[in-house]
Amino acid sequence: MVLPATTLLQAEAGALLTEAAEHFVPGWGKQECSLFLRSSVRLFCFLSLLVTSGPPDSSLQVWQVSAEDSDIIKSVSPIETENDTGQSWAKIATISARVPWVLHGSRLDRVQITEVESRKNVYTAAFGGSEELSSLAFLDCNTLLLCCTTGRLCLADVRQPQSLVEAVSVPSAPCSEQWCMGTRHGAQGLEPSSQPVACLSNRGLLTLTDLRKTSEFLALAKARVPSPGSGAEFLCVSWAPALEGCLAISGFDGTVHVYDTQSWDSSGREAEPIFVHKGHAFGGAGGSGDPPLVTVHTWHLQKPRTLLSAASDGSLHVWDWVQPCGKGG
């Protein structure tokens with residue numbers, strides 16, 4: 001299913017989200033889905049609630065999705081955050097193992113967890129450091145993984161607000177290089193820390209790390225990207241939940257690249273993608289006249305080769321890919 005390019009205004013975002021989510025995530029009202037819209041707003045669905053973040057500041061907004069026979073979403077109330085002048089917009093992650101929580105923050109010393117429905121603050125980081133964050137993730141209900149734009153990975157324990165452990169730093173790289181991360185949730189019963197963490201830089205460098213053994217990388221590779229990006233705002237790397245060793249990257253242009261990492265080593269050689277989705281690149285220039293830029297992608301939770309991606313021109317694609325002959329199983 002491919003949705004036509006549309007300018008996503010607030011009034012019509014609800015209808016597009018509903019249609020896409022119904023096709024993309026079965027029973028979407030009871031699961032989490034995320035995407036970026038044209039204004040770089042990130043959305044997470046909890047039952048009938050949406051949580052958004054995006055420019056121009058670090059505030060979060062909660063929205064109510066109307067009944068299935070309506071395409072209206074209404075603003076409910078904001079989630080209060082500490083907002084300093086010049087602070088970048090908040091990165092967010094979610095978990096609903098107990099009740100729906102949203103993990104949010106733009107800098108290392110401003111990480112918080114808020115209960116979505118009650119707006120109750122359940123965690124505020126008390127460690128120092130003001131490094132800008134690019135990615136946040138729940139490894140489980142008590143363990144957080146934070147990725148700084150410098151590539152520094154840090155572990156935090158919700159039960160110990162002052163606890164912060166540096167998991168790993170990226171290879172020596174220019175100070176202008178920026179990074180994001182992607183985590184993978186394994187089969188039930190596996191320790192979250194046993195799942196590899198993928199980090200992606202704006203130069204296309206990819207690292208795979210085992211959090212149980214951070215003294216060395218599992219693998220190091222160079223993605224085949226058209227040109228290095230100037231920033232990490234739209235960089236995205238994600239593991240396929242139902243395909244062993246597969247990940248996807250985007251944020252460099254109008255494409256999404258899929259890689260099989262199972263043959264990677266620590267040589268840092270250029271890796272060849274096993275599939276490239278180019279649909280957004282043919283959508284035409286956006287309102288600014290620039291070619292469309294993929295702003296985020298995510299994998300279907302059950303369908304192994306199905307992804308959803310959104311771009312700066314407002315286009316939203318749901319697509320499947322096929323393994324080319326001769327490139328593995």
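The following legends describe an overview and close-up views of a predicted model.

Residues are numbered from 1 along each chain as its sequence is written, and side-chain values use heavy atoms, with hydrogens and water left out.

**Figure 1. Overview of the protein, with 1 helix and 25 strands.** Helices (H or I, at least four residues) and strands (E, at least two) are DSSP runs, numbered from the N terminus. Of the 329 residues, 51% count as buried, that is, under 20% relative accessible area, with exposed meaning over 50% and partly exposed lying in between (1.4 Å probe, protein chains only).

**Figure 2. The open sheet E23-E24-E25.** Its 3 strands pair in antiparallel fashion, where pairing requires that DSSP find at least two bridges between two strands. Strands E23 (294-299) and E25 (316-320) are at the edges with a single partner strand each, so one side of each has no neighbour in the sheet. The twist from one strand to the next averages 20 degrees, based on axes fitted as lines to C-alpha atoms, with angles from 0 to 180 degrees between N-to-C directions. Strand E24 (residues 306-311) is joined to E25 by 5 bridges; Ser309 has His317 in E25 as its bridge partner.

**Figure 3. The largest nonpolar core, with 19 residues.** A nonpolar core is a set of buried Ala, Val, Leu, Ile, Met, Phe, Trp, Tyr and Cys residues joined through side-chain atoms within 4.5 Å. Leu103, Ile113, Tyr123, Phe138, Leu144 and Leu146 have the most contacts inside this core. Strands E6 (91-95), E7 (101-105), E10 (133-138) and E11 (143-148) each give two or more residues to the core. A second, separate core of 18 residues includes Leu208, Ala223, Trp239 and Tyr259.

Figure 4. Ser201 counts as buried because its relative accessibility is 0%. Its side chain makes a polar contact of 2.6 Å with the side chain of Glu177; such a contact is a pair of N or O atoms within 3.5 Å, of which, within protein, one must be able to donate a hydrogen and the other to accept it, and residues adjacent in sequence count only if both atoms are side-chain atoms. Neighbours within four places in sequence aside, Ser201 is in contact (heavy atoms within 4.5 Å) with Glu177, Gln178, Trp179, Leu235 and Phe252.

Key
This is a predicted model: local features need pLDDT of at least 70, side-chain atom pairs count only at pLDDT 80 or more; totals for chains, interfaces and linings use all residues.
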